[in-house]
Amino acid sequence: MATERELRHRDFLKTFAVFKDFHPNDLLILAHHLVERRFERNQVIFQEGDAGGSAYFIVFGKVVVLKKLPEGGYEHLALMQSGQLFGQVSLVDGQERSATCAGASRGLLLELTKEAFDAMFDQKLSFAFRFQEYLTKGIMRQLRHADGKISRLVKTVKAGRKNAEVADLFHQFKDAMASVHEMGIDLDEVDYVIPEGQKRDYGNQRKQAAQAIDRQAPAAPASTVQTIDFGPDFAGLDELGDLGER
Amino acid sequence: MQRPDTDSFHAKRGRPMNETFHEFCGRVRIFSDFSEPELDELLRITNRVRIKKGQLLCKEGGDGDSMFVIREGVVRVVGKTAMGGIVPLARLSEGHVVGEMALIDESPRSATLEAESDVVVYTIRRSDFQVLKEELNPVAFKLIRALGREACERLRDANVQIQHYLHNPAELFVPDVLSGMEPPKETKKLTQTFLRFFMKN
């Protein structure tokens, strides 16, 4: 018999577009393994270089993905919100974290540990196979996106048009930025607009499911919380869609 | 798609004469933890294909239905430039796995693969993989897991490469583009914003 808690988790997972083809009973298997974790703004969820492990579903709140800069400080790579998953690369390959994730607001996560993930897989459940397939697909999509970026750079360089074409584009870009500046707009101060665009009408359903979890989830344990000051600058962030769909 | 030539495969040189499928797979990273019986299962859905020098294994934008493992020869990954030209992106040799997205994703091929020499490849078709998967065959589980790890490793490499370009923009620009722009910190910020913009468009 499923517990109330598992049912609440399941109802939330159901609002993910990627789980639309999964049987509700299959989602209960995953729901059973998820652990509720609260976070505060500026709280570190994991840090670049940490040993790999869990992936996290965001129930509500925002999470910022940060990369340490060689000259100090952090670069903001992405801002994620309710209905997204992060940390799945380390979940799949077990290697260390390649970026830092921290709360950009207060919020709540559902954590899937590597142990739970491996246990589901070792039982050769068809659900576990499909979930792994779905994660791999998302990672491959991200890879394709990253490779696209690199090949655009490499193609330009290799085609010997590095000097003329890139320099030309760069000057156009510089001029455009200067006009933006002349108009008195500071791009760093423009808040990133988070698109409401969930393809299906999951908005309200997800909100209700998230609220149900929030009402029952335990308060954060009074342990020492590691925080990070990543500044207020959110300009230039990539918006991520549901797992890897950018 | 581009692989640096650091594949663990290349560390182990000295291919034995008449190497069997099983021996070969033992040297390919994604199959290295497959047991003998698992490799027997894998062999059941594997085809061995000979491709003449200059022929294409697949075409950018075309339908992808197979994954390739290069057994012999060299395969060139080529891309199209905005001007319609062709540029080589990478060269893949024995032991490299390529086109594996086709096994789980029906999206079109992201690059063209051309045989630079006469080539022998092992191919695994998506439809055959699907059958193993529906049987809940342990080999399907093992393969999906190996593909996941491989994708992670490639993604990590790609992200390192992107970060490298973002932090060393001078490698992409001729010096005079950046000269006369002060202060350096502002310049760096501008070039990084530009590179992000450039990679997206």
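Modeller: Helices (H or I, at least four residues) and strands (E, at least two) are DSSP runs, numbered from the N terminus. This is a predicted model, in which local features need pLDDT of at least 70, side-chain atom pairs count only at pLDDT 80 or more, and totals for chains, interfaces and linings use all residues. Residues are numbered from 1 along each chain as its sequence is written, while chains are lettered from A and ligands numbered from 1 in the order in which they are written.

Colleague: Is Asn42(A) buried, exposed or partly exposed?

Modeller: Asn42(A) lies in the loop between strand E1 (35-39) and strand E2 (44-46) of chain A. Its phi is near 75°, a positive value in a residue other than glycine. A residue is buried if 20 or more other C-beta atoms, placed from the backbone, lie within 10 Å of its own, exposed if 12 or fewer, and partly exposed in between. Because Asn42(A) has 17 C-beta neighbours inside 10 Å, it counts as partly exposed.

Colleague: Which loop holds Lys124(A)?

Modeller: Phi of Lys124(A) is near 55°, again positive in a residue other than glycine. Most residues other than glycine have a negative phi. Lys124(A) sits in the loop of chain A between helix H4 (114-122) and helix H5 (126-158).

Colleague: In E8(B), what is the bridge partner of Ile51(B)?

Modeller: Two strands pair if DSSP finds at least two bridges between them. Six bridges join E1(B) to strand E8 (residues 119-125) of chain B, and the two run antiparallel. The partner of Ile51(B) in E8(B) is Val119(B).
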